[in-house]
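Trainee: Could you take me through the aromatic pairing in this model, with the cut-offs stated as you go?

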Amino acid sequence: MKKETKTEGKEEQIAVISHYIHNKGYGFANNYEERAKTLIREIYDYNIDDEVTTHPSENTSYYTLFDDFFSVPFLPIENHKFTFIDLFAGIGGFRLAMQNLGGKCVFSSEWDTQAQKTYLLNYGEVPFGDITKESTKSYIPDNFDVLCAGFPCQAFSLAGKRLGFEETRGTLFFDVAEILRRKRPKAFFLENVKGLLIHDKGKTLQTILKVLREDLDYYVPEPQIVNAMNFGVPQHRERLYIVGFRKDQNVNEFTYPKPTDTTKTFSDVKEKETVSAKYYLSTQYIKTLIAHKERHASKGNGFGYEIINDDEVANAIVVGGMGRERNLVIDNRLEDFTPVTRIKGEVNRDGLRRMTPREWARLQGFPDNFIIGVADASAYKQFGNSVAVPAIQATAAEIIKRINLSKNKDYGTKRK
């Protein structure tokens, strides 16, 4: 790239361009078009208005110039059935599930730069950053069908006890609600930790449902805890799902999906080849873990490491704390015990190791062609924070079958 303007940071510039490139020819490109064309001229020294066709597949130089946006495993769908936006996108678990169902993503947002990198590597798009900023919200197009968001759980101000929209101001749910108020999509799909049920003695969820049902006038069935292990991944991962439908969709019932596959165990996601010695624990670290577990056991609680056998289901993978240590495995295939990182002691001879990032990816339902292009520490964080794709997809399928998917002539059909 030749130069960078001072209006936005590099990530937001590429977000504008990549969103425009992948929506070019649709009405959804309108919000990105003017700024994107300026940036493309300044950064790439290319005038996109000089193209003889609006379809990139007919323009070889176009593909070459924007190679980063097209040389990815999960390109946006051209002949889509519905459209959606991906908020708090992480590494695109919602996006992958929705694309599998025939959906086209027309806007994404994620503030973490490492997650943005993974998102670009897999979907050819850089998500916009901070969704609390009006400049970010201004790029969200009109007339998309479904809003998807795995928003963080935050306490609300309940001083006024109105339990409404204003009590959510200053939280990230407020931004979700504000986008629903402005854009009025046909449906939404929200995901959160199951602790939201009891967060602030249940007041947080009470406020959320009041805003969605009364202030925003959506039909919202009772939220439900869905466990990923019931949908073909060997991970005991319970998350709270909240879905809703705009009243003109005439939806007055919703059934969360029944389990589809409860047979998977760790052996189904285990690495087929011998993994690096760096994933095997040092003898000194094992001593530390044992002592740590014994200290907690003496206090009457079970906090500590756990070993998952090949025929068992993993604990929920989480970020921080004992996240990796709660899912240790025994793998006796290692033959070269030479350390590849600086460790205290030696590589243990008992086969005790952490799961690899790829195994965590599989536990979340990401296919093996999903690119892991970041360091292990970032990869663990990203997969630990992600949604479980198969559980999201099964629930989203129930949403999609209930909404009117007739396409807006200016947005749903690609312009010639």
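Mentor: The model is a predicted one, in which local features need pLDDT of at least 70 and side-chain atom pairs count only at pLDDT 80 or more, while totals for chains, interfaces and linings use all residues. Residues are numbered from 1 along each chain as its sequence is written, and side-chain values use heavy atoms, with hydrogens and water left out.

The rings of F107 and F128 have their centres 5.3 Å apart and their planes at 15°, so this pair is stacked; rings of Phe, Tyr and Trp (its six-membered ring) pair if their centres lie within 6.5 Å, and planes under 30 degrees apart count as stacked, over 60 as edge-to-face and the rest as tilted. This pair links distant parts of the chain, for F107 belongs to strand β2 (residues 103-108) and F128 to the loop between α6 and α7, 21 residues apart; helices (H or I, at least four residues) and strands (E, at least two) are DSSP runs, numbered from the N terminus. F107 and F128 are both buried.

By the ring-centre rule, the count comes to 23 aromatic pairs. Y32 and F128 form a stacked pair, at 6.1 Å centre to centre with 20° between the planes, and this pair too joins distant parts of the chain, with Y32 in helix α2 (residues 30-44) and F128 in the loop between α6 (113-123) and α7 (134-137), 96 residues apart. Finally, F74, Y119, Y123, F366, F370 and F383 form one aromatic cluster.

Terms used
Buried means under 20% relative accessible area, exposed over 50%, partly exposed in between (1.4 Å probe, protein chains only).
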